Amino acid sequence: MSESQVQNGFPQMKNDLILRAARGEVTERVPVWVMRQAGRYLPEFLKLKEDNNADFFKMVQTPELACELTLQPIRRFPLDAAIIFSDILVIPQAMGMIVHMIPGKGPVFPDPLREPSDLEKLKKDIDLVKSLGYVFSAITLTRQKLEGKVPLIGFSGAPWTLMCYMIEGESSKTFNKARKFLRQHLQISQQLLQQMTDLIIDYLVLQVQAGAQMLQVFESHAEAIGYDTFTVCSLPYLKQIVQKVKEKLGPDCVPMTIFAKGAHYAIKDLSQIGYDVVSLDWTVLPKEARAVAPNVTLQGNLDPACLYASHEEICQAVKKMLENFGTQRHIANLGHGMHPDHEPEKLATFIDTVHSYSEKMNALDAD
């Protein structure tokens with residue numbers, strides 16, 4: 001815990017396992033958390049949503065609700081980290097865009113960016129403390145309520161991923177509209193990507209100042225582009241984010257993770273730009289990732305569909321995953337997020353097996 005966070009009166013940490021793993025320190029077992037660990041697969045999530053008659057963004061924008069949803073999986077499972085209940089699309093909202101979360105469809109922008117002139121509608125001078133103050137309030141409240149049980153992760157979407165949504169107007173398998181815009185209006189695209197990069201840097205710094213102890217950047221749509229395009233519209237901005245966040249925070253800097261889904265072609269590059277942790281989706285072979293990225297901690301990467309299998313099959317899959325990663329410089333996670341129809345008991349099996357089997361592996365290594 002940094003000196004400034006101690007001065008802010010946050011409780012002392014009782015479990016810093018994930019922070020030590022992220023920094024490459026020796027760990028007695030593999031830490032574990034899962035993306036979308038607060039969500040619709042939990043009956044308590046659905047009850048809170050119903051009791052408060054709350055849509056998705058109302059829950060995000062109400063610090064007390066966001067805090068409670070962040071804490072729900074921590075109460076139920078022996079996870080090693082909490083991640084603040086929020087959404088990557090709060091940045092486009094802060095820029096003046098309207099976003100609706102439609103059940104069964106996902107995010108929808110009723111007025112997406114389709115022409116270069118549309119960018120003039122975006123806000124230029126943005127007060128993040130004012131526009132996204134609910135996120136920082138939720139982080140501070142949650143740090144207090146966690147009582148030091150586990151660290152709290154903050155996050156942001158990456159510029160290219162946000163641009164995809166802002167131009168496409170909704171989720172897509174190919175994001176053709178965004179890719180077309182990038183090809184036809186490269187200079188304008190780069191201006192938009194830089195504008196968001198500057199916002200994201202300040203946003204992440206403010207999250208740490210509010211109490212976040214680890215940060216993750218989600219490049220969720222790297223799989224929509226190839227390596228050459230990635231090096232133009234993603235990698236330079238990801239590098240700026242990690243370097244400038246660390247520069248601004250100085251001694252108060254926290255470990256930072258990059259998760260570029262589908263960017264199997266860029267694992268080596270991602271491991272060399274300053275992030276402490278590179279998170280992998282389930283299509284990546286752990287041993288191959290370790291070979292090209294030996295100097296960072298790796299996170300992942302069980303196929304989320306494995307949680308539909310039997311408890312015995314989940315145990316075997318987790319053991320294989322741990323054997324492939326090894327027990328050091330590894331943070332166990334799924335290769336993407338929880339699905340709404342996952343059974344909580346299956347997640348419990350995943351978490352318990354990570355803990356018990358990695359402890360057994362460490363004991364065998366010590367003999």
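Helices (H or I, at least four residues) and strands (E, at least two) are DSSP runs, numbered from the N terminus. The structure is a predicted model, in which local features need pLDDT of at least 70 and side-chain atom pairs count only at pLDDT 80 or more, while totals for chains, interfaces and linings use all residues. Residues are numbered from 1 along each chain as its sequence is written, and side-chain values use heavy atoms, with hydrogens and water left out.

An open sheet is formed by 7 strands with parallel pairing, in the order β1-β4-β5-β6-β7-β8-β9; two strands pair if DSSP finds at least two bridges between them. Strand β5 (residues 214–219) is parallel to β6 (residues 256–260), with 5 bridges between them. Leucine 215 has methionine 256 of β6 as its bridge partner, and phenylalanine 218 has phenylalanine 259 of β6. Strands β4 and β5 also run parallel and are joined by 5 bridges; here serine 156 stands opposite valine 217 of β5.

Strand β5 is largely enclosed by the rest of the structure, because 6 of its 6 residues are buried (under 20% relative accessible area with a 1.4 Å probe, protein chains only). In a regular strand the side chains alternate between the two faces of the sheet. In β5, Met214, Gln216 and Phe218 point one way, and Leu215, Val217 and Glu219 point the other way.

Helix α5 (residues 63–76) has 14 residues and spans 21 Å from its first C-alpha to its last, close to the 20 Å expected at 1.5 Å a residue; the expected span is 1.5 Å times one less than the number of residues. Of the 14 residues of α5, 10 are buried, so the helix is largely enclosed by the rest of the structure. Among the buried residues are Pro63, Cys67, Thr70, Gln72 and Ile74. Their cover includes α3 (43–51), α4 (56–61), β1, α8 (133–146) and β4 (152–157), where contact means heavy atoms within 4.5 Å.

Grid points are joined across faces, edges and corners, and a volume is the space filled by probe spheres set on the points.

The largest pocket holds about 1,400 Å³ of space. It is lined by 44 residues, of which Arg36, Arg40, Phe56, Asp87 and Met101 are the closest to its centre. At least two lining residues come from each of α3, α4, β2 (100–102) and β3 (106–108). The lining has 24 nonpolar, 11 polar and 9 charged residues (Ala, Val, Leu, Ile, Met, Phe, Trp, Tyr, Cys and Pro count as nonpolar, Asp, Glu, Lys and Arg as charged, and the others, Gly among them, as polar).

The volume of the second largest pocket is about 200 Å³. Helix α16 gives the most to its lining, with 4 residues.

Residues lining the cavity include Ala260, His264, Leu280 and Asp281. Both α14 (267–270) and β7 (277–279) supply at least two residues of this lining, which divides into 7 nonpolar, 2 polar and 1 charged.

Technical notes:
On a 1 Å grid over the protein atoms alone, a cavity is a set of points where a 1.4 Å probe fits but cannot get out, and a pocket is an open set with protein on both sides within 12 Å along at least five of seven lines; lining residues have an atom within 4 Å of a point. Buried means under 20% relative accessible area, exposed over 50%, partly exposed in between (1.4 Å probe, protein chains only).
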